[in-house]
Amino acid sequence: MGEHPSPGPAVAACAEAERIEELEPEAEERPAAPEDFDPGNTGYISTGKFRSLLESHSSKLDPHKREVLLALADSHADGQICYQDFVNLMSNKRSNSFRQAILQGNRRLCSKALLEEKGLNLSQRLIRHVAYETLPREIDRKWYYDSYTCCPPPWFMITVTLLEVAFFLYNGVSLDQFVLQVTHPRYLKNSLVYHPQLRAQAWRFLTYIFMHAGIEHLGLNVVLQLLVGVPLEMVHGATRIGLVYVAGVVAGSLAVSVADMTAPVVGSSGGVYALVSAHLANIVMNWSGMKCQFKLLRMAVALVCMSMEFGRAVWLRFHPSAYPPCPHPSFVAHLGGVAVGITLGVVVLRNYEQRLQDQSLWWIFVAMYTVFVLFAVFWNIFAYTLLDLKLPPPP
């Protein structure tokens with residue numbers, strides 16, 4: 001996915017506006033000032049001035065992109081355009097006005113869908129399939145294709161996965177056991193595992209993701225987070241996907257400390273389930289717009305893998321422990337991850353390339369998550385003592 005080839009006509013027709021620099025006059029001409037377009041400082045410019053600006057610089061614009069911009073002028077029946085929309089458009093900033101321009105441009109140019117274009121190489125097809133499997137609207141898919149440069153690559157999910165595999169192999173060699181490592185008497189002695197007696201060591205609420213119950217546990221988690229997490233990160237970026245993943249991980253261990261207080265926690269299922277549940281919920285909510293092939297089959301496979309992994313975790317939790325009186329790891333972390341996925345995760349995936357700070361639902365879910373974290377922290381400080389709970393001895 002190295003060098004990004006020039007997009008076809010359908011993509012160009014729906015690409016973002018050229019940057020403002022491409023519309024600037026020649027070096028000897030005076031640069032256009034805001035008062036040239038809005039002399040009365042009303043916050044609006046006339047569609048006539050907008051058209052004349054485009055026509056005077058038509059030779060510097062791709063004809064398909066010029067059509068999209070002209071469609072914006074045609075869509076305003078009141079004869080004026082909000083100046084801020086104009087600035088956003090010319091400065092390559094995504095906005096609702098740009099969305100409307102894309103829609104108008106689609107109608108006028110009768111653009112084909114991305115996957116219907118011919119002569120695509122492997123890199124182009126991969127990017128297009130990622131867009132179709134993660135974004136519900138053709139507008140967003142075309143925007144993503146034109147703006148994606150594979151820089152930076154999806155490093156977060158790949159790095160986390162490599163670290164999890166590396167720690168598993170190290171522990172496998174150290175314990176001389178790869179299947180059901182959690183049954184080994186020295187397994188819980190690792191300083192990364194969350195143990196209820198050692199909950200004061202706060203890093204354990206996060207680092208437990210690098211310890212897995214066995215190769216069967218690691219395998220399902222790695223498959224899910226690579227097949228789902230990497231494409232999501234390619235579209236939404238490492239910051240957003242990392243936020244959902246880490247939030248799921250922390251919520252998972254905190255949920256165990258509240259609901260299954262005597263059990264340890266291992267595995268990355270909290271983060272994996274947050275991503276997968278958010279993705280599946282996004283597909284269900286936008287079912288008619290999701291054009292990915294075999295979407296029903298993909299959902300079925302994801303649900304089967306999640307069910308198998310969750311069933312394994314439930315069985316292991318209630319299986320007689322190999323090191324009594326400490327039980328086997330809890331399965332409640334999975335449920336904490338799902339809760340994060342269908343709240344914070346859905347908002348993150350739904351608002352592609354939009355400012356989350358402007359979304360009221362985002363702030364509601366952030367507030368709910370913050371309240372839960374604070375409650376769990378105080379619960380860990382006071383509840384264990386007040387309930388006079390008998391905890392298993394430290395490993």
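Is Cys305 buried or exposed? With a relative accessible area of 16%, Cys305 is buried, since the label applies under 20% relative accessible area, with exposed meaning over 50% and partly exposed anything in between (1.4 Å probe, protein chains only). The model is a predicted one, in which local features need pLDDT of at least 70 and side-chain atom pairs count only at pLDDT 80 or more, while totals for chains, interfaces and linings use all residues. Residues are numbered from 1 along each chain as its sequence is written, and side-chain values use heavy atoms, with hydrogens and water left out.

Taken overall, the chain has 15 helices and 2 strands, these being DSSP runs numbered from the N terminus (H or I of at least four residues for helices, E of at least two for strands). Of its 395 residues, 51% count as buried.

In the model, residues 296–318 are 100% helix and 0% strand, with 33 Å between the end C-alpha atoms. For residues 205–230 the figures are 73% helix and 0% strand, and the end C-alpha atoms lie 24 Å apart.

Next come the aromatic rings. The structure holds 10 aromatic pairs, counted when ring centres of Phe, Tyr or Trp (its six-membered ring) lie within 6.5 Å, with planes under 30 degrees apart called stacked, over 60 edge-to-face and the rest tilted. Phe156 and Tyr245 make an edge-to-face pair, because their planes stand at 80°, with the ring centres 5.8 Å apart. This pair ties together distant parts of the chain, with Phe156 in helix 9 (residues 155–175) and Tyr245 in helix 11 (residues 215–259), 89 residues apart. Both partners are buried: Phe156 has 14% relative accessibility and Tyr245 has 1%. Ring pairs also bring in Trp155, which forms a cluster with Phe156 and Tyr245.

Met157 sits in helix 9 too, and it is buried at a relative accessible area of 0%. Leaving aside residues up to four places away in sequence, Met157 touches Gln225, Gly229, Val230, Glu233, Ile241, Tyr245 and Leu275. Its C-alpha is also 7.9 Å from that of Gly242, a residue 85 positions away in sequence.

Arg199 lies over the face of Tyr384 at 3.7 Å from the ring centre, and Arg317 over the face of Phe318 at 5.7 Å. Elsewhere, Ile381 belongs to helix 15 (residues 360–386) and is partly exposed, with a relative accessible area of 48%. Ile381 and Ala200 are 181 residues apart in sequence, yet 8.7 Å apart C-alpha to C-alpha.

Back to the cysteines: the disulfide count is 0, a disulfide being a pair of cysteine sulfur atoms within 2.5 Å. For Cys151, the nearest cysteine sulfur is that of Cys150, 7.8 Å away. Cys151 is exposed, with a relative accessible area of 65%.

Methods:
Lys NZ or Arg CZ within 6 Å of the ring centre and 35° of its normal. Contact = heavy atoms within 4.5 Å.
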